[in-house]
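Dear colleague,

I am passing on the structure we spoke about, and I would be glad if you could look through it alongside the notes that follow.

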Amino acid sequence: MTDVEIRVRGAYERLSPTERLAADYFLEHVGSFYGTSIAQLSAESGVSQVSWVRFCKSIGFDGLKTMKRSLFDEMKDAAAENGLITEHGFTDIRDFTTLEQVVEGVRRSEVQAIEDTTRLLDINMLKGAVDALCTASCVHLFGLGASGQAASDLYSKLIRINKRVLFDRDFHVQLACAASLTRKDVAVLFSNSGLTKELLDVLKVVRRSGASRIAITRQGDNPLANGCSYVLCTSAPELDRRSGATSSRIAQLAIVDILFTAIANREYHKVESALENSYEVCREHRV
């Protein structure tokens with residue numbers, strides 16, 4: 001039994017009736033609790049999101065995020081001690097002892113990242129983002145490091161369907177692009193943490209333009225999400241010990257593919273020939 005479960009059981013008698021409902025749900029779903037969004041928790045348990053936060057505070061956490069992180073760390077450490085991969089598929093690089101475990105661990109973590117991200121997607125937010133991208137005069141993409149790779153992927157997809165889109169990996173060029181936005185443009189900002197200082201500097205400049213802003217960032221309260229018109233949440237935990245982004249990049253790429261497919265589907269009558277032309281041009285360069 002994890003320390004989180006022990007806390008819940010120990011505090012059960014002093015919880016309010018609504019908090020006890022949250023406690024009952026948690027104790028029955030410990031194995032899948034980490035990957036469940038607060039909206040889903042509320043819908044499935046019949047307990048409001050506010051009450052879930054109160055429940056977390058009643059058992060000694062700042063909120064749901066810190067409770068989930070504590071639970072995840074405990075389950076991960078227990079799995080590592082037993083030579084196992086966590087049920088959720090997320091594990092630390094140092095936990096692997098064989099190549100077979102590496103292959104299975106990466107597979108599980110990336111599949112889980114995609115599944116959890118798609119469950120988190122707010123369809124109304126997604127529709128608003130697609131609407132904005134379809135009507136934008138120009139789409140400006142912003143992202144650094146691994147998030148820059150996701151931004152670059154969206155760039156390569158949008159140019160295939162004749163969208164006016166701009167992206168450059170250099171931070172200073174991104175700042176200059178941000179300064180050129182108008183109200184008719186759309187900015188898409190990628191940051192897994194939502195805390196990257198450079199991206200927040202870009203966001204400040206973008207906000208002055210009045211352009212629509214789309215954040216692709218992990219679930220939770222963060223400055224990037226709070227400063228954007230539309231937020232498309234990803235689910236991929238940042239572990240303390242690792243050599244680079246893995247599942248977080250896959251989660252962002254899943255959002256990229258969803259956006260591109262939704263745009264191309266809506267405007268298929270306009271983009272069909274562009275898709276065919278780009279395919280044919282590239283095919284000529286196959287050996």
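**Overall picture and confidence**

The protein contains 14 helices and five strands. Please keep in mind as you read that this is a predicted model. Of its 287 residues, 47% count as buried, and among the contacts between residues at least 6 apart in sequence, 66% join residues at least 24 apart.

The average pLDDT of the protein is 87, and 89% of the residues score at least 70. Where pLDDT is low, the predicted coordinates should not be read in detail.

**Two helix pairs**

Two packed helices are described by the angle between their axes and the distance between the axes. For helix α4 (residues 38-45) and helix α5 (residues 49-58), the axes come within 9 Å and cross at roughly 100 degrees; an angle of 65 to 115 degrees counts as roughly perpendicular, and α4 and α5 are therefore described that way relative to each other. On the α4 side the contact involves Ile 38, Ala 39, Leu 41, Ser 42 and Ser 45, which meet Gln 49, Trp 52 and Val 53 of α5. By class, the residues of this contact between α4 and α5 are five nonpolar and three polar, with no charged residue.

Helix α13 (residues 247-266) and helix α14 (residues 268-283) pack with their axes 6 Å apart, at an angle of about 110 degrees, and so α13 and α14 are also roughly perpendicular to each other. Here Phe 260, Ala 264, Asn 265 and Arg 266 from α13 meet Tyr 268, His 269, Val 271 and Leu 275 from α14. The contact of α13 with α14 divides into five nonpolar, two polar and one charged residues.

His 140 lies in strand β1 (residues 139-142) and, at 3% relative accessibility, counts as buried. In space His 140 and Leu 166 are 5.0 Å apart, C-alpha to C-alpha, while 26 residues separate them in sequence. Leaving aside neighbours within four places in sequence, His 140 is in contact with Leu 166, and also with Cys 177, Ser 180, Leu 181, Asp 185, Val 186, Ala 187 and Val 188.

Ser 191 is located in the loop between β3 (186-190) and α11 (197-209), and with a relative accessible area of 1% Ser 191 is buried. The side chain of Ser 191 makes a polar contact, at 3.0 Å, with the side chain of Thr 196. Not counting residues up to four places away in sequence, Ser 191 touches Thr 196 together with Ser 147, Leu 199, Ile 216, Thr 217, Arg 218, Leu 224 and Gln 252.

Asn 162 also belongs to a loop, the one between α9 (145-160) and β2 (165-166), but Asn 162 is exposed, with a relative accessible area of 62%. Most residues other than glycine have a negative phi, and most peptide bonds are trans. The phi of Asn 162, by contrast, is near 65 degrees, a positive value in a residue other than glycine.

Technical notes. Residues numbered from 1 in each chain as written. Predicted model: local features only at pLDDT ≥ 70, side-chain atom pairs only at ≥ 80, totals over all residues. Heavy atoms only, no water. Helix = DSSP H or I, 4+ residues; strand = E, 2+ residues; numbered from the N terminus. Buried < 20%, exposed > 50% of the residue type's maximum accessible area, 1.4 Å probe, protein only. Polar contact = N/O pair within 3.5 Å; in protein donor to acceptor, adjacent residues only side chain to side chain. Contact = heavy atoms within 4.5 Å. Axes fitted to C-alpha atoms, helices over the stretch in contact; angles between N-to-C directions. Parallel < 35°, antiparallel > 145°, perpendicular 65-115°, else oblique. Nonpolar A, V, L, I, M, F, W, Y, C, P; charged D, E, K, R; others polar. pLDDT = per-residue confidence, 0-100.
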